[in-house]
Amino acid sequence: MEEKSDEKKYTTISIPTQLAEKIKKRIQGTGFTSLSSYVTYVLREVLSGLDQESSEEFSKEDEERVKARLRSLGYLD
Amino acid sequence: MIKLREDTNYIVSGLERSGTSMMMQMLEAGGVPIAYSEARKPDTHNPKGYFELEGGKIINRLIQGTFPFESYKGTFIKITAYGLSYLPQGSFKIIYMERNLEEVLDSMETMAQITDQNREETKQSFKKLNEKIKQSLKMRQHTEVLFVNYNDIHKDPRTNIEKICTFIGPHQYDTAKMFAVVDSTLYRKRR
């Protein structure tokens with residue numbers, strides 16, 4: 001399927017009506033002007049948190065560094 | 001001597017040089033059963049002893065999956081943070097020590113007699129290990145964890161001792177002796 005770049009800058013996502021109502025109440029009096037802008041903000045925050053988490057993963061390199069230190073302290077053969 | 005649950009393994013953990021030996025010593029002073037060997041003798045880095053099994057090399061047995069947890073039920077043993085990556089299924093109560101990471105690294109360098117040229121990288125690796133282990137402990141089934149901060153113990157031993165005793169369970173602890181173990185002269189790498 002071909003997607004044109006000048007079209008479809010936005011898409012529709014369905015969320016439960018009850019949740020939408022809760023969000024509407026929650027954003028009253030805040031800087032969010034619509035349900036969409038709030039949901040977009042929340043999703044961006046979640047994704048950026050996940051990116052950060054994966055960049056802080058304990059990698060193989062980290063493990064080797066830790067093991068080398070434990071050897072020097074006599075905790076590991 | 002206090003009698004702990006015989007269906008549970010009790011562990012003191014945390015990064016090396018985060019006060020795990022002091023915690024073992026406090027527990028012993030309080031009348032809590034602990035197990036350790038004397039393969040690694042006290043030295044200038046731990047003048048009161050290491051309180052470890054197998055001379056501190058228990059991690060090797062954990063990696064091989066040959067450490068006999070069954071034999072140590074109802075008794076506190078020390079397994080430092082990295083070793084907890086290899087913890088089998090089962091019922092555990094864990095006291096996890098935390099300490100200012102810069103102090104931990106300072107103390108490690110003194111003990112290993114090195115000057116770490118890649119200190120920032122080492123710091124990040126230990127920080128990630130610490131977070132990974134803490135996170136995994138929170139997710140484990142049948143595992144209770146108490147996080148105790150080494151720096152806080154020195155500031156307020158009494159409150160921390162109360163927390164520790166409450167966590168282990170309702171027994172007759174010798175809290176005066178536990179209190180006496182907190183020796184500020186051994187808190188040498190301060191930041």
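**View 1. Phe67(B) and Phe69(B) are both buried.** This close-up, like the others, is taken from a predicted model. The ring centres of Phe67(B) and Phe69(B) lie 4.9 Å apart. Their planes meet at 80°, so the pair counts as edge-to-face, the cut-off for that class being over 60 degrees.

**View 2. Phe32(A) and Tyr41(A) make a tilted ring pair.** Over all chains, the whole structure holds nine aromatic pairs. In the pair shown here, the ring centres of Phe32(A) and Tyr41(A) are 5.3 Å apart. The angle between the planes is 50°, and the pair is therefore classed as tilted. Phe32(A) has a relative accessibility of 27%, so this residue is partly exposed. Tyr41(A) is also partly exposed, because its relative accessible area is 43%, and the class lies between 20% and 50%.

View 3. In terms of contacts, 28 residues of chain B touch 17 residues of chain A.

**View 4. Arg69(A) and Asp116(B) form a salt bridge across the two chains.** The closest N and O atoms of Arg69(A) and Asp116(B) are 2.9 Å apart. Between chain B and chain A the count is four salt bridges. Eight residue pairs are in polar contact across the interface of chain B and chain A, with both residues at pLDDT 80 or more.

**View 5. Three helices of chain B each give two or more residues to the side that touches chain A.** These elements are α2 (58-64), α3 (101-112) and α4 (119-139) of chain B. Which of the elements gives the most to this side? It is α4(B), with seven residues. How many nonpolar, polar and charged residues does the side of chain B that touches chain A have? By class, there are 12 nonpolar, six polar and 10 charged residues.

Definitions and conventions: Residues numbered from 1 in each chain as written. Chains lettered and ligands numbered in written order. Predicted model: local features only at pLDDT ≥ 70, side-chain atom pairs only at ≥ 80, totals over all residues. Heavy atoms only, no water. Contact = heavy atoms within 4.5 Å. Salt bridge = Lys/Arg side-chain N within 4 Å of Asp/Glu carboxyl O. Polar contact = N/O pair within 3.5 Å; in protein donor to acceptor, adjacent residues only side chain to side chain. Helix = DSSP H or I, 4+ residues; strand = E, 2+ residues; numbered from the N terminus. Nonpolar A, V, L, I, M, F, W, Y, C, P; charged D, E, K, R; others polar. Phe/Tyr/Trp six-rings, centres within 6.5 Å; stacked < 30°, edge-to-face > 60°. Buried < 20%, exposed > 50% of the residue type's maximum accessible area, 1.4 Å probe, protein only.
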